[in-house]
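Hello,

Here is the structure you were going to look at. My notes follow below it.

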Amino acid sequence: MTTEALTLPVRQARQKSSRLWKGNTGPVLVVVLAVVVLWYVAAVAMNWQGVTDAFERAGEQRSTGEILLATLEQERPMLPAPHQILIELKKTVIDMPVTSRRNLLFHGWVTLSSTLLGFALGSLLGVVLAVLIVHVKTLERSLMPWIISSQTIPILAIAPIIIVVLGSIGITGLFPKAIISAYLCFFPITISMVKGLTSPDIMQRDLMRTYSASRTQTFWKLRLPASLPYLFAGLKVAIAISLVGAIVGELPTGAQAGLGARLLAGSYYGQTIQIWAALFGAAILASALVAIVGLGERIVNSRMGVRAA
Amino acid sequence: MSAARRAMILTPLAALGCLYALILVHRPAVAGQAGPAFWVFVAVLWVAAGLALGGLSHLRLRNPGARRLVGLSVPVLFGAFLFFLWEVIVVGAGVPSVLMPAPSSIASRFAASLPVLRDDFVQTFMKSVLSGYMIGCLSGFVVAIIADRIPFLRRGLLPLGNFVSALPVIGIAPIMVMWFGFDWPSKAAVVVVMTFFPMLINTVAGLAAAGRLERDLMHSYAAGYWTGLIKLRLPVALPFIFNALKINSTLALIGAIVAEFFGTPIVGMGFRISIEVARMALDMVWAEIALAAIAGSAFYGIIALVERAATFWHPSYRT
């Protein structure tokens, strides 16, 4: 009894301090830290040869410590260290005027606008297709297999065609890239929306019938509300691949503006730090977009009374 | 008219009509300068094909074999009709081939450049895609097993894996080209990174899918970790693993083709696409895309067949 009474508060205290480790936060932090450490090690290892060669060519004798420092300060390293990428990001985001072509925000905006336009077009197409498929049996039988098999072909391969064909009839700029994004992102929306629209079970549909609800009323009052959680699951996937489509769409136009153009220009001129900064920019953009859609999902789900899974 | 009779009468009629329109449109007098009468005929065919497909898809058949045949024929006929429309509109209206080549000219270009296509296929698919796919899937699987053994690692890796799989991973292509050179290893490296995370996430989810009761049963048999893993949890995880394999089959092909846009030796599907687009030889580009579509669908189909054989016990395959 006494020992039990003694140990109890201690155990509680330990539980409190380990709350960080009970959830995912602690482990994620440790893994991220490990990735950063490994990154530095890899940066030193991969840049070592280039640095020693450079010193040899200059005819200078350097100590190991100096070489070590130099591996993290190279101008065109094989693998830039994380702090170099962060400095580049700061330089190209904050230190440049926003309208400058050397500002990463400018390129990010170009990519973002075509991502969003493509996402809007793709969502519209996806939802319309889903509604048609659910209501017209002929389309369900004939179109659905093609929509599914369209995903087994590498769609991104036709990106250059869309850009060039639309360019040759005078449509350039935002729209062709948005088409690629739309083409990529309609699929997850159609699939999840069809699933959502058919999710109300027999009982609920029978209830609508006992109210003598018309097809339109059943659609607006039962099917559409029931499909919203599914729709958002599709939207989250769609916005991520919409960004991929916009970036890939910028490649064949030959590097004018946008994050993809930044990647291509970086690879032409061997500017590794610029490539990594563009990659980080794209990653930040992607996670922000997914987070925004996730926020919308949470708001809609809580208003619809769906409990978080 | 009942659906069955409508389908029986209209399907062969529409097919014959389409055949006639195809012959008509390739005559020199019609090609490129089709008159309004021809377009009215095509419109009538469109309506007839729509009605025929509607009839077919509303058929109620008792015989399961016939039902399966009809179920298969509806999408096939629908696809064939779309190709027919493409051919008739492009040839009949004389759309210049730099905008949109007709399916027939793509097919003839495909047949004429088989050696080139074979070389591209070997370079992109056999070398980059297959090696990258195997390394990526295998390493994702192994890391998932390790993460499953060490819960701390799992809780740290899984949110990160989910995060990374929403990122535009394809952007690492220029870096991989810099590290591994222009030839196929750099493309395989892109494929490895793209396929690793879906495999990791799905395998970890699958390993957690075994129920409490089954695990308790294994425990009461005094089964150790490895016995439980091999006899219970891996089989339960198989549908998840196959799901990742299927997702990855598409991702791998996309990764390899897009990585080739960043620099390759003078062979490969992505290289051919970007070079022929620049030369405005769109029929060759479409032939290459047809090849990619065939390769992608076949790859996916083979994995789906293996899945069906390996997870025959799963509810989605029970009849």
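Asp283(B) lies in helix α12 of chain B, residues 282-310. Helices here are DSSP runs of H or I, at least four residues long, numbered from the N terminus. The side chain of Asp283(B) makes a polar contact with the side chain of Arg109(B), at 3.5 Å. A polar contact is a pair of N or O atoms within 3.5 Å; within protein, one must be able to donate a hydrogen and the other to accept it, and residues adjacent in sequence count only if both atoms are side-chain atoms. Leaving out residues up to four places away in sequence, Asp283(B) touches Pro101(B), Ser105(B), Ile106(B) and Arg109(B). Touching, or contact, means heavy atoms within 4.5 Å.

Please keep the basis in mind. This is a predicted model: local features need pLDDT of at least 70, side-chain atom pairs count only at pLDDT 80 or more, and totals for chains, interfaces and linings use all residues. Residues are numbered from 1 along each chain as its sequence is written, chains are lettered from A and ligands numbered from 1 in the order written, and side-chain values use heavy atoms, without hydrogens and water.

Next, the interface. Chain B and chain A bury about 4400 Å² between them, 82% of it on carbon and sulfur atoms. Buried area is the accessible area (1.4 Å probe) that two parts lose on being put together, summed over both. In chain B, Arg155(B), Pro168(B) and Trp179(B) lose the most area to chain A, together 14% of what that side buries. The contact takes 48 residues from chain B and 52 residues from chain A. Two residue pairs are in polar contact across the interface, both at pLDDT 80 or more. The largest share of the chain B side that touches chain A comes from α12(B), with nine residues.

Then there is α11(B). Seven of its ten residues are buried, so α11(B) is largely enclosed by the rest of the structure. Buried means under 20% relative accessible area, exposed over 50%, partly exposed in between (1.4 Å probe, protein chains only). Among the buried residues of α11(B) are Phe271(B), Arg272(B) and Glu276(B). The buried residues pack against α8 (159-168) of chain A, together with α5 (114-149), α10 and α12 of chain B. Met280(B) follows α11(B) and has a positive phi, near 65°.

Last, the cysteines. Cys18(B) is buried at 12% relative accessible area, and Cys137(B) is buried at 6%. The whole structure has zero disulfides over all chains, counting pairs of cysteine sulfur atoms within 2.5 Å.

Best wishes

Notes
Helix = DSSP H or I, 4+ residues; strand = E, 2+ residues; numbered from the N terminus.
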